[in-house]
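I opened this model to look up a few local features. The entries below follow the order in which I checked them.

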Amino acid sequence: MKREYQTFIKDQLVKKVKKTPVMYSLIVVDEFQNYLPEQLEIMRKCLDSETESVIYVGDIAQQVKLGTIRDWKETKETIEEDRKIKLNKVYRNTKNILSYIKNLDYDIEIPHEVKEGPVVDEVVCATSKEEIEYITGKISNYREGSIGIISKDESWLKDFKIEFDKEKNIHVLSMIESQGVEFDLVFLVGVKKESFVVSHHIDILPIHTEERKRMQKDLLYVALTRAITELHILGRDKLSDVLKP
């Protein structure tokens, strides 16, 4: 930790910098898959030597930043089996939401225990105005619970932020911003194929192009799984067409 202060030396006011080591008895790293290995190493250097305790929370399948951790081995950490908690199934979403996601060619398991829930609606809308009209009609009788309006393109959300500014239970955010939160009802808006197209540039290695394509699909998965009970997909294109090679 660095602190700047001023003091007098030989009757002259001088700026000084005091550096104090930062030590923590416990560090909790949320969404660890979005960190560089070097960033995690810096965090570990701030651990108290007597405890050296870190809790990592995250999902490798939900990496949304290029170049960050894709394999647990990159963390250089070893966790004993009796100290590891691994959730192999998603219980947050309804069966209909998970079935919809699975039909988009995501490799997920649908637990028998999850509730059925409403069917996922997918509606073609040409403009943000049409999408707002659709959302307004759906939430007119929906005053309890949280509502998320999510888009791949942050610029597309401008009209939604203005329209629903005074609605305390409605949250308008980008896909990246939605990671780590959840809503009872989710509207995925502004869906169009060009938003998910990753073009190859001459100065980008093919392996990086493929990595960006995979991340686009992972980011979409993050957005889809924000819905606990009800999910609506709005835009010019259907997601099944968006995800076609």
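I looked up E52 and found it exposed, because its relative accessible area is 56%; exposed means over 50%, buried under 20%, and partly exposed in between, with a 1.4 Å probe and protein chains only. The model is predicted, so I kept to its thresholds: local features need pLDDT of at least 70, side-chain atom pairs count only at pLDDT 80 or more, and totals for chains, interfaces and linings use all residues. Residues are numbered from 1 along each chain as its sequence is written, and side-chain values use heavy atoms, with hydrogens and water left out.

**Backbone.** E52 is not a glycine, yet I read a positive phi of about 45 degrees for it. E52 belongs to the loop between α1 (37-44) and β4; helices (H or I, at least four residues) and strands (E, at least two) are DSSP runs, numbered from the N terminus. I noted the background: most residues other than glycine have a negative phi. D105 is another non-glycine residue with a positive phi, near 75 degrees. D105 follows α2 and sits in the loop between α2 and β5. I list D105 as exposed because its relative accessible area is 62%. In α2 itself, I found N96, I97, L98, Y100 and I101 buried.

**Aromatic pairs.** How many aromatic pairs does the structure hold? I count five, where rings of Phe, Tyr and Trp (its six-membered ring) pair if their centres lie within 6.5 Å; planes under 30 degrees apart count as stacked, over 60 as edge-to-face and the rest as tilted. Y106 and Y221 have ring centres 5.4 Å apart and planes at 40 degrees, so I logged the pair as tilted. Y134 in helix α3 (residues 128-139) and F187 in strand β8 (residues 183-191) are 53 residues apart, and both are buried. I also noted one aromatic cluster formed by F32, Y56 and W72.

**Charges over rings.** I checked for NZ of Lys or CZ of Arg within 6 Å of a ring centre and within 35 degrees of the ring normal. K217 lies over the face of Y106, 4.9 Å from the ring centre. The charged end of K152 sits over the ring of F196, at 5.7 Å from its centre.

**Pocket and cavity.** I used a 1 Å grid over the protein atoms alone: a cavity is a set of points where a 1.4 Å probe fits but cannot get out, a pocket is an open set with protein on both sides within 12 Å along at least five of seven lines, and lining residues have an atom within 4 Å of a point. Grid points are joined across faces, edges and corners, and a volume is the space filled by probe spheres set on the points. The largest pocket holds about 1800 Å³ of space. Its lining has 43 residues, with F32, G58, D59, I85 and L87 nearest the centre. The largest share of that lining, five residues, comes from β4. The largest cavity has a volume of about 30 Å³, and the residues lining this cavity include C125, W156 and R236.
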